[in-house]
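This briefing sets out the features of a two-chain model, grouped by topic, for reading alongside the sequence and coordinates.

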Amino acid sequence: MSWTARPLTDVDYYDLDGILAEQQCLPATFQVHIPGMGYLDGTEENEDILEGTKIPLPVWLIDTLNTDHEMLVETDLPKALTEAVLRHLRASASKVNLQALCPYYFMVAEKLQHMAEGTLPTTTGDTIAQAFQDRLKAVMDHTQTRLEEHTSEFVQGLDMVERDILKRGQDASLQVKRWAMRTPARIRRAPALGMGDADAYGRPGRGGRQG
Amino acid sequence: MYGDEALKLVREAKRAQAAAGSTLSVYNETVVRNVIKELQILADEQSRVVAVIQHAVDEDPYNETDDVMAAAPAAYRAQFLLHHAGIERNKRCLLAYHAARIDKVRALTWELGGAGLPPDVARRCSPAEARFAEKYAELLTSFKGVHGSIDLTAAPVPPKELYICVRVVKDCGEIFTETGQSLVLKANTQHFVRRTDVERLITQGYLVHVE
């Protein structure tokens, strides 16, 4: 794959999910001999990195090693983006456990799509985009109930972006219910104070949202 | 791999964000110190690499360019970039961790209406964060003062009635209402009071709004 650097905006720089997503490793083959840095393979065995040494490297590291001027490492697709997985996504997107494959599946795919401009097959992007849409329908259905949150296999298989969407959907759903029951008028104890003490009637604390 | 320690901080910040009733976790001084140590080691190594590169380029009889990095042998360039990537990664993780916490302090201060942080939260801050919290609360209070007639931090919930029923959870002692009357708010007593007098006390958890 070739590699194109992209400068980070302020918003991206501080994004915790962005940082965690870039920890994803890709299989990398070094194109140069580098003395003294053999420890990068995680073992004590090799003093140097030799030309052709293969070490899985995180995306953030590859980002710096490969520039417009030169590619110090050749990279391959991670397991999560191989044809086998993509076929599975085309067949039945909702059944694929993305959390297990790569917790930040969509963010990593998007980054690689940009970085490896032109060298990723175009069908990859299309497949993943379609899979996202298909799964989204199921995610939205789940926002109507809270019961299955921890037990459903589908929910366990969602990647971090999908989980965020699910949570926001559930919160929105709750707000609609509250509005229907006319509770918005009730002033609440600040959520900042946490779940804390039982309330005046001895009911356990519910750091509820205002309005 | 570089930045593994720093990643712990990012994960911690992410967990704190995701937790229900999200509040501030304890400032992880130990890990922060470790990350700074790693940064120092990398920086020292980097100085050494730079000196080696400069020397190699100076000694090279065939070099005609001023571009030191371009003239340096690939192996040294690789070493430089590896250390550079490690330094930037650690820095990014540290900054994101501290930024996330400060954002939280700001949000809490607004939620609590310019009052300082409650003691159990303040305890979890670093000394620098505690100082920031204090100053920020002062800043917010004076900002509110500019718009005297409107309470910027009041519950953004349209009122349905003028008087509300409240039950006292935590003893507040004696308060003075807008009309100049005094009210003794003893724990477990119930009162029918003007909404505007007690809104603040409800958000801060001293009273509970009863339907």
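A:Leu26 has A:Leu57, in strand E2 of chain A, as its bridge partner. The model is predicted: local features need pLDDT of at least 70, side-chain atom pairs count only at pLDDT 80 or more, and totals for chains, interfaces and linings use all residues. Residues are numbered from 1 along each chain as its sequence is written, chains are lettered from A and ligands numbered from 1 in the order in which they are written, and side-chain values use heavy atoms, with hydrogens and water left out.

**Sheet of chain A**

- Strand E1 of chain A (residues 25-30) pairs with E2(A) in the antiparallel sense over five bridges; two strands pair if DSSP finds at least two bridges between them.
- Helices (H or I, at least four residues) and strands (E, at least two) are DSSP runs, numbered from the N terminus.
- The three strands form an open sheet in the order E2-E1-E3 (chain A), with antiparallel pairing.
- Strand E2 (54-58) and strand E3 (73-75) of chain A are the edge strands, and each pairs on one side only.
- From one strand to the next, the twist averages 45°; axes are lines fitted to C-alpha atoms, for helices over the stretch in contact, and angles run from 0 to 180 degrees between N-to-C directions.

**Sheet of chain B**

- Chain B holds an open sheet of three strands in the order E4-E1-E5, with antiparallel pairing.
- E4 and strand E5 (207-210) of chain B stand at the edges with a single partner strand each, so one side of each has no neighbour in the sheet.
- Neighbouring strands of this sheet are turned by 40° against each other on average, direction ignored.
- Strand E1 (residues 163-168) of chain B pairs with E5(B) in the antiparallel sense over four bridges, and B:Cys165 stands opposite B:Val210 in E5(B).

**Domains and annotations**

- The domain assignment divides chain A into domain 1 (21-76) and domain 2 (77-181); such bounds come from an automatic or database domain assignment.
- The centres of domain 1 of chain A and domain 2 of chain A, taken over C-alpha atoms, are separated by 30 Å.
- Nine residues from domain 1 of chain A and nine residues from domain 2 of chain A take part in the contact, where contact means heavy atoms within 4.5 Å.
- For chain B the assignment gives domain 1 (4-146) and domain 2 (163-210), with C-alpha centres 44 Å apart.
- An unreviewed UniProt entry annotates residues 14-65 of chain A as "domain: DNA replication complex GINS protein PSF3 N-terminal"; UniProt positions are given in the numbering used here, feature names are shortened, and annotations may be inferred rather than shown by experiment.
- Residues 14-65 of chain A are 25% helix and 21% strand, with end C-alpha atoms 22 Å apart.
- UniProt, again in an unreviewed entry, places "domain: GINS subunit" at residues 64-145 of chain B; that span is 79% helix and 0% strand, and its end C-alpha atoms lie 66 Å apart.

**Salt bridges**

- The count over all chains is 17 salt bridges, each defined as a side-chain nitrogen of Lys or Arg within 4 Å of a carboxyl oxygen of Asp or Glu.
- A:Glu70 and B:Arg77 meet in a salt bridge at 2.6 Å, N to O.
- This pair crosses between chains, from A:Glu70 in the loop between helix H3 (59-65) and E3 of chain A to B:Arg77 in helix H4 (residues 74-111) of chain B.
- A:Glu70 is partly exposed at 22% relative accessibility, whereas B:Arg77 is buried at 15%; buried means under 20% relative accessible area, exposed over 50%, and partly exposed in between (1.4 Å probe, protein chains only).
- A:Arg90 forms a salt bridge with A:Glu83, with the closest N and O atoms 3.1 Å apart; A:Arg90 is partly exposed at 44%, and A:Glu83 is partly exposed at 41%.
- A:Lys167 and A:Asp171 form a salt bridge at 3.2 Å, N to O, and both lie in helix H9 (residues 160-180) of chain A, four residues apart, about one turn of the helix.
- A:Lys167 is partly exposed at 42%, while A:Asp171 is buried at 16%.
- A network of salt bridges links A:Glu22, A:Asp63, A:Lys111 and B:Arg92.

**Backbone geometry**

- B:Asn188 is not a glycine, yet has a positive phi of about 70°.
- Most residues other than glycine have a negative phi.
- B:Asn188 lies in the loop between strand E3 (182-185) and strand E4 (190-194) of chain B, and is exposed at 53% relative accessibility.
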